[in-house]
Amino acid sequence: MTETVDAFRTRARAFIRANLEPLPSEGSSLARLRHRLSDEDELAAVAREREVQRMLFDAKLAGICFPEQYGGLGLTFEHQRAFNEEIAGFEYPKRIQVPTFTPCAAVLLDFGTEEQKQAHIPAMLKGEELWMQFLSEPGGGSDAAGATTTATPDGDGWLINGSKIWTTGAWWSDWGLVLARTNWDVPKHRGLTVFILPIHQPGVEISRIEMLDGSKEFCQEYMTDVRVPDTDRIGEIDAGWTVATRWLTHERMLYSSPLVTLPVGEARGGGLDIDSVVQIARDADRLEDPVARPLIGEAREIELVKQQLQRRVGRRMAARQLNDQAAALVRLFGGATGVRASTIVFDLAGAVGGAWVPGDDGTATVANMEFLLRQSSCIGGGTTEMARNVISERVLGMPRERTLDKDVPFRDVPRGPASRS
């Protein structure tokens with residue numbers, strides 16, 4: 001019989017408090033941004049999260065909404081929500097949630113063969129395999145269908161050549177979900193195929209990208225004659241856009257997915273949670289400031305509306321009351337409000353947020369870096385401009401934007417130097 005939510009909650013609470021470390025009292029997102037990890041510490045943190053994931057799996061607390069035949073529990077989103085509430089304030093395998101469980105595991109569940117699911121889903125749930133999505137390309141921007149990474153037939157497999165970029169954590173991950181072009185003689189949406197491949201193998205070179213704030217979490221991958229057996233193909237040949245469309249839907253929903261653990265109160269998809277916003281106001285001695293208090297209230301309002309929007313869209317998609325492209329509503333709101341939230345933090349920090357004193361790892365560093373990087377919330381995960389197009393055309397049913405390459409073979413479509421084959 002299905003375990004009741006109350007029984008599951010009680011069991012989860014007992015395990016968490018007996019086995020997992022409590023987080024520092026300071027807001028988790030603020031602590032993360034203040035204390036950048038060295039490479040050694042990052043690898044140690046990844047190893048610990050793998051260990052915690054295995055502990056959860058052995059305790060039958062992992063894969064709460066995953067099918068039982070692949071190592072999950074086959075329970076409901078209400079069970080996952082109870083777990084999110086109970087694990088708040090404790091360590092959890094943060095890096096494994098996204099993109100390993102969604103979109104990667106979600107895509108495998110949607111389109112993978114039975115052999116692929118049996119081989120990889122249990123390994124993901126045990127923390128043995130961390131996955132990345134090889135989707136964006138240096139010359140492609142948000143036009144995923146314009147991929148120029150190629151997969152050419154090679155006996156009973158394929159040779160992949162090309163480059164992917166903006167892959168968070170690829171240097172410490174195990175597998176990649178790759179969108180590649182298998183046919184240049186048809187329009188761009190019709191010549192794509194999806195593959196999976198081990199990241200650390202001959203022919204794959206990983207280059208880390210240093211960001212404005214000194215972090216090197218983003219990577220660019222160069223693939224040269226990387227051989228992939230046909231058994232590692234996801235979906236039909238040249239039908240990869242069908243897979244990619246669903247893939248992008250999972251990416252837009254991310255932390256609203258029932259496959260993902262997100263402790264209650266933690267910021268969704270980066271940024272600062274409300275406790276951290278309050279901490280910054282406190283550090284700036286502005287908690288009682290009549291100008292600052294409405295800003296704190298606005299930050300809380302954004303957080304609440306985002307949570308409710310994600311829940312509502314997720315429920316209506318599950319009930320088939322909205323098509324899966326409605327995930328773009330969540331993406332657009334998150335991007336637009338992410339910019340506003342970063343601006344609120346900067347305003348709360350006041351004068352100390354306008355200058356960064358070397359060696360200072362407090363409010364000033366967090367506030368000014370959040371502000372300088374604020375526009376990234378409208379770019380990463382597909383631009384908000386793309387989300388607006390999806391909403392207008394595929395949710396509201398407005399006329400599609402006119403394109404000049406609709407029926408043109410992709411090899412004949414003009415492209416800039418960086419994206420030419």
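## R227 and its partner

R227 counts as partly exposed, at 37% relative accessibility; that label covers everything between buried (under 20% relative accessible area) and exposed (over 50%), using a 1.4 Å probe and protein chains only. R227 forms a salt bridge with D156, and their closest N and O atoms are 2.6 Å apart. A salt bridge here is a side-chain nitrogen of Lys or Arg within 4 Å of a carboxyl oxygen of Asp or Glu. This pair links distant parts of the chain, 71 residues apart: R227 sits in strand 7 (residues 218-229), D156 in the loop between strand 2 (150-154) and strand 3 (157-165). D156 is exposed, with a relative accessible area of 61%.

Keep in mind that this is a predicted model, where local features need pLDDT of at least 70, side-chain atom pairs count only at pLDDT 80 or more, and totals for chains, interfaces and linings use all residues. Residues are numbered from 1 along each chain as its sequence is written, and side-chain values use heavy atoms, with hydrogens and water left out.

A search of the whole structure turns up 29 salt bridges. One of them joins E49 to R95, with the closest N and O atoms 2.5 Å apart. Since E49 lies in helix 3 and R95 in helix 5, the pair ties together parts 46 residues apart in sequence. (Helices are DSSP runs of H or I with at least four residues, strands are runs of E with at least two, and both are numbered from the N terminus.) Both ends are buried: E49 has a relative accessible area of 10%, and R95 has 19%.

There's also a network of salt bridges linking R9, R13, R17, E85 and E86.

## A180, tucked inside

A180 lies in strand 4 (residues 175-181) and is buried, with a relative accessible area of 0%. Leaving out residues up to four places away in sequence, A180 touches T149, T150, A151, G191, L192, T193 and F195; contact means heavy atoms within 4.5 Å.

## The second largest pocket

What lines the second largest pocket? There are 23 lining residues, with R246, H250, P258, M317 and A318 nearest its centre. Helix 9 gives the largest share of the lining, six residues.

A pocket is an open set of points on a 1 Å grid over the protein atoms alone, where a 1.4 Å probe fits, with protein on both sides within 12 Å along at least five of seven lines; lining residues have an atom within 4 Å of a point.
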